[in-house]
Amino acid sequence: MALTRLDKLLADSGRCTRSEARALIRAGRVTVDGAAVFAPEAKYDAACVRIALDGSAVNCTQTRYLMLHKPAGVLSATEDARQSTVIDLLPPEYRRMRLFPVGRLDKDTTGLLLLTNDGDFAHRVISPKKHVPKRYIARVEGTLDDADIAAFADGIVLADGTHCLPAQLVILAPDLGQVTVYEGKYHQVKRMFAARGKPVTALHREQIGALALDSALAPGQARELRLGELDAVFAAD
Ligand code: URA
């Protein structure tokens with residue numbers, strides 16, 4: 001059981017800073033299991049109590065998991081001096097939570113990007129040893145054919161000699177493929193198609209594991225993962 005000070009728990013929620021939390025608590029605006037607590041130093045296990053601010057429940061668990069519909073034109077990074085990043089897209093309360101993207105999508109790639117402050121989770125998703133499938137829709141120059149499907153299934157050898165793990169390619173239209181990869185090499189999908197002489201003109205990630213991008217999220221919108229969705233990341237489709 002991990003006991004944490006109430007002011008820290010409240011600040012961990014992202015609603016306020018630690019000093020603002022102390023003021024809110026002293027003002028009697030914070031309740032624990034329905035009763036006002038005036039002592040910022042009082043300790044609780046966030047998993048075992050219901051903390052509320054001005055009557056509305058506050059999620060004080062420190063680890064957060066969000067899905068973002070990444071638009072084109074933003075960097076999968078936490079900060080950049082010149083360009084906007086996926087963190088800049090988040091509502092203000094999330095910007096204090098030290099969230100970072102789970103892996104990277106290229107600046108021009110759209111679709112499902114997970115954000116978290118849980119390093120172990122991110123590692124499990126990214127690690128090629130864990131074989132978490134990532135599914136993309138790629139528009140290409142040229143015409144996809146059965147030889148491409150076979151080459152993806154065998155494991156593409158990139159232009160620099162790097163061997164990729166076997167991947168699945170489904171042809172949706174002559175110039176549109178759905179590809180599932182189990183690792184995350186730099187520019188991997190683009191380089192795989194380039195190795196087939198069919199450069200990618202647009203790339204969108206639609207799924208990680210069995211977790212699909214929520215179609216209700218417009219480009220640039222994010223939401224927290226719901227119950228069961230965290231497990232879906234590691235589940236088979
Ligand atoms: N592969 C790519 O080439 N680019 C991405 O953004 C993701 C996978």
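The model is predicted: local features need pLDDT of at least 70, side-chain atom pairs count only at pLDDT 80 or more, and totals for chains, interfaces and linings use all residues. Residues are numbered from 1 along each chain as its sequence is written, and side-chain values use heavy atoms, with hydrogens and water left out.

**View 1. The shell around the ligand.** Leu105, Asp106, Thr109, Tyr136, His187, Gln188, Val189, Lys190 and Leu203 surround the ligand, each with a heavy atom within 4 Å of it. Helix α5 (residues 188-195) contributes the most, with 3 residues; helices are DSSP runs (H or I, at least four residues) numbered from the N terminus.

View 2. An oxygen atom of the ligand lies 2.8 Å from a polar side-chain atom of threonine 109. A backbone N or O atom of histidine 187 is 3.2 Å from an oxygen atom of the ligand. A polar backbone atom of valine 189 lies 3.1 Å from a nitrogen atom of the ligand.

**View 3. An aromatic pair.** Rings of Phe, Tyr and Trp (its six-membered ring) pair if their centres lie within 6.5 Å; planes under 30 degrees apart count as stacked, over 60 as edge-to-face and the rest as tilted. The count comes to 3 aromatic pairs. The ring centres of phenylalanine 121 and phenylalanine 234 are 5.7 Å apart and their planes stand at 85 degrees, so this pair is edge-to-face.

Terms used. A polar contact is a pair of N or O atoms within 3.5 Å; within protein, one must be able to donate a hydrogen and the other to accept it, and residues adjacent in sequence count only if both atoms are side-chain atoms. Helices (H or I, at least four residues) and strands (E, at least two) are DSSP runs, numbered from the N terminus.
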